[in-house]
Amino acid sequence: MTEIVTKLQQSQEPCIRLKLYRDILDRENPEILKKLEEEVKNSLRVSLLLSERNKEGEISHHPYGKWYGAHWVLSILADIGYPAGDKSLLPLRDQVLKWLLSKDHEKHIKIISGKVRRCASQEGNALYSMLKLGLADENAEELAQRLMKWQWPDGGWNCDRNPEAINSSFMETLIPLRALSLYGRTSGDNKAIVSAKKAAEIFLKRKMFKRSSDGSIIEEDFIKLHYPCYWRYDILFGLKVMAEAGFISDPRCIDALDLLESKRVTDDGFPAEGKYYHLSDKLVSGKSLVDWGGVSKTKMNEFITIDALWVLKKAGRFK
């Protein structure tokens with residue numbers, strides 16, 4: 001892996017160099033880490049992500065506007081290593097909380113056949129972002145409690161209003177799992193840790209991408225690599241959350257890890273095999289103000305590669 005590490009050390013993206021230094025090389029020099037975090041904060045990529053803020057510090061769109069609303073901007077900042085504790089982000093946090101804790105939002109929380117039908121990835125992303133970015137207040141506990149209260153008997157979450165739907169959704173379960181695992185670790189709330197462990201079983205018992213019934217692939221997109229995934233699922237995002245939550249050593253991750261390793265391209269990195277955004281400055285759903293490296297069968301995507309290396313490192317496959 002020496003070649004790929006050398007290439008990533010020369011990356012123009014501060015967030016790539018930060019993750020490499022901190023997460024792959026395990027370097028802990030506080031001065032260098034602070035310098036890299038400041039580079040991330042002041043990078044062109046971050047500047048573009050925050051470019052639609054108004055004079056009040058809010059983004060003048062619905063918080064859930066895909067992928068430009070405050071909800072998504074905060075989730076991306078949390079994922080790329082934006083430094084924690086930046087109070088200039090508080091208006092964005094408050095936008096998201098005002099939406100999620102509103103009476104209007106609560107009207108969409110439905111109980112059908114004894115199960116809460118919610119897009120729990122929304123509360124999950126908000127909780128995770130608040131914690132990672134050092135913006136958590138008393139509402140973090142409220143979000144965590146809601147997620148645990150809404151959890152289905154099988155361990156996950158689903159927004160499917162079909163009364164006959166009995167299985168949790170991969171899409172709606174991964175992000176709440178990520179959030180509750182982090183919340184449990186930072187708050188000491190053992191109930192959240194237990195909830196996250198229960199949610200992990202949704203993926204582990206299906207070996208991260210296979211049907212329980214016959215071992216076939218659940219969805220083809222699950223085995224393609226994307227960045228960002230936003231609320232969607234693929235094996236890399238799934239394995240990343242398993243690593244964060246402490247489940248990557250479970251033998252039921254092996255098939256997905258083998259598949260991930262097989263996707264390395266000739267330059268030793270990992271490609272983007274699909275994308276969920278389109279580059280645009282127009283107000284359309286699915287727009288991104290920044291390019292995340294595009295799609296290629298043969299070219300390394302740095303954002304996917306750095307995450308893949310970290311997952312493989314946590315799994316003991318890269319030293």
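Helix axes here are lines fitted to C-alpha atoms over the stretch in contact, and angles run from 0 to 180 degrees between N-to-C directions. This is a predicted model, where local features need pLDDT of at least 70 and side-chain atom pairs count only at pLDDT 80 or more, while totals for chains, interfaces and linings use all residues. Residues are numbered from 1 along each chain as its sequence is written, and side-chain values use heavy atoms, leaving out hydrogens and water.

Let's start with a pair of helices (DSSP runs of H or I, at least four residues, numbered from the N terminus). H2 (residues 14–24) packs against H14 (residues 302–314) at about 5 degrees, their axes 10 Å apart. That makes the two roughly parallel, a label for angles under 35 degrees. Among the residues in contact (heavy atoms within 4.5 Å) are Cys15, Ile16 and Leu20 from H2, with Phe303, Ile306 and Trp310 among those they meet in H14.

Now look at H10, residues 170–187. Its 18 residues reach 26 Å from first C-alpha to last, close to the expected 26 Å, which is 1.5 Å times one less than the number of residues. Serine 169 caps the N-terminal end, with a side-chain oxygen 3.1 Å from the backbone nitrogen of methionine 171. After H10 comes glycine 188, with a positive phi near 80 degrees.

What about disulfides (cysteine sulfur pairs within 2.5 Å)? There are 0. The sulfur of cysteine 229 is too far for a bond, because its closest cysteine sulfur, in cysteine 15, is 15 Å away. Cysteine 253 is buried at 0% relative accessibility.

Definitions and conventions. A disulfide is a pair of cysteine sulfur atoms within 2.5 Å. Buried means under 20% relative accessible area, exposed over 50%, partly exposed in between (1.4 Å probe, protein chains only). A polar contact is a pair of N or O atoms within 3.5 Å; within protein, one must be able to donate a hydrogen and the other to accept it, and residues adjacent in sequence count only if both atoms are side-chain atoms. Angles under 35 degrees count as roughly parallel, over 145 as roughly antiparallel, 65 to 115 as roughly perpendicular and the rest as oblique.
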